[in-house]
Amino acid sequence: MSAAFVGGLCGVGRFNLVKTKRVSRVQSRVNRQRVRVKASVAEDVWNVTTVRKDGIDAKKKVAVIGAGLGGLVTAMELLDAGHEVQIYDIRSFPGGKVGSFQDKDGNHIEMGLHVFFGCYYNLFDLMKKLGSFDSLDLKEHKHQFINKGGNVEALDFRMGPVGAPFNGLKAFFTTNQLSPLDKAANALALATSPIVKGLVDFDGAMRDVRELDNISFSDWFLKQGGTRGSLERMWDPIAYALGFLDCDNISARCMLTIFQLFAVRSEASKLRMLEGSPDNFLVSIADFLHRSRRKDN
């Protein structure tokens, strides 16, 4: 029987724990399937508000499945809109892939790689709302790759006052993470992608990118002439940073969206790291949910 937690807050920053066979059965079905993560979300998922005949919004009881960052923020928005919310998760602690827990020795064990690209505008707005934005440390403008054997290579975007797209081209063509042959194949693949179109028509390019949600980045990239070696040495690590998945299991839309932003916005490729444990950030969200529930009651 699996543990799940419900968004009934029993104290500042804490969730009630329950055990539920239903969540366990759902989880077991999910585990038997190979699930590809997509960037798109069905619009009707968000259509939770109904209007009574007198024109007043009707309060709804909403269950949010999954207490990752997306689920917690969804709960915040629903509570702000006046709805009653319960959050369910298979784990005994919130946060999903941005969560952490303490082991028996008091060490904080993080569930995944926590980096914040400079184009996470909605997330930064949320952190400012919660008063936790100052907990982010801006890092040197380069992406480092730690290879087997300890060899360190990088995409170095530093180019003085020169920004996108030129600093990105410099980073790509000067890195030793890829061989000259792989660089040539990458140049061909990306030059024939919507990214080039995005330099002059960003909205049009993003419409094209959104059409690539049903194909993995690996499938798209290899069809464009890219190489498997490039995926393993360059793009898999970036995919892990974005969605904790390799390129075989993340959609082309996810990857090309971030590449598109790198190409047109200089701040997009800058990285930030969260000071201390991510649990501190999640506690801020839990406090917000707790205050909202008390206000509603």
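Q: Which residues lie nearest the centre of the second largest pocket?
A: In this predicted model, Gly168, Leu169, Phe172, Leu190 and Ile195 lie nearest its centre, out of 21 residues that line the second largest pocket.

Q: How much space lies in the second largest pocket?
A: About 500 Å³.

Q: Which elements give two or more residues to its lining?
A: Helix H4 (166-174), H5, helix H6 (194-198), H9 and helix H10 (252-264). The largest share comes from H4, with 5 residues.

Q: And the lining by class, how many nonpolar, polar and charged residues?
A: The lining of that pocket has 18 nonpolar and 3 polar residues, and no charged ones.

Q: Back to H4. What is in the loop between strand E12 and H4?
A: Pro165 lies in that loop, with E12 covering 152-156. The peptide bond from Ala164 to Pro165 is cis, and its omega is near 0°.

Q: Now the helices. How do H5 and H9 pack?
A: Helix H5 (residues 180-191) packs on helix H9 (residues 228-243) at an angle of about 80°, and the axes are 10 Å apart. That angle makes H5 roughly perpendicular to H9, because angles from 65 to 115 degrees count as roughly perpendicular.

Q: Which residues make the contact?
A: H5 brings Asp182, Asn186 and Leu190, while H9 brings Gly229, Ser230 and Trp235. By class, the contact of H5 with H9 has 2 nonpolar, 3 polar and 1 charged residues.

Q: What about H9 and H10, at what angle do they cross?
A: Their axes cross at roughly 95° and come within 11 Å. H9 and H10 are therefore also roughly perpendicular to each other.

Q: Which residues are in contact there?
A: On H9 they are Trp235, Ile238, Ala239 and Leu242; on H10 they are Cys254, Met255, Ile258 and Phe259. By class, this contact of H9 with H10 has 8 nonpolar residues, with no polar and no charged ones.

Q: Over how many bridges do E10 and E13 pair?
A: E10 and strand E13 (residues 271-274) pair over 3 bridges, in the antiparallel sense.

Q: Which residue in E13 is the bridge partner of Asp137?
A: The bridge partner of Asp137 is Met273.

Terms used. Residues are numbered from 1 along each chain as its sequence is written. This is a predicted model: local features need pLDDT of at least 70, side-chain atom pairs count only at pLDDT 80 or more; totals for chains, interfaces and linings use all residues. Side-chain values use heavy atoms; hydrogens and water are left out. Two strands pair if DSSP finds at least two bridges between them. Helices (H or I, at least four residues) and strands (E, at least two) are DSSP runs, numbered from the N terminus. Axes are lines fitted to C-alpha atoms, for helices over the stretch in contact, and angles run from 0 to 180 degrees between N-to-C directions. Angles under 35 degrees count as roughly parallel, over 145 as roughly antiparallel, 65 to 115 as roughly perpendicular and the rest as oblique. Contact means heavy atoms within 4.5 Å. Ala, Val, Leu, Ile, Met, Phe, Trp, Tyr, Cys and Pro count as nonpolar, Asp, Glu, Lys and Arg as charged, and the others, Gly among them, as polar. On a 1 Å grid over the protein atoms alone, a cavity is a set of points where a 1.4 Å probe fits but cannot get out, and a pocket is an open set with protein on both sides within 12 Å along at least five of seven lines; lining residues have an atom within 4 Å of a point. Grid points are joined across faces, edges and corners, and a volume is the space filled by probe spheres set on the points.
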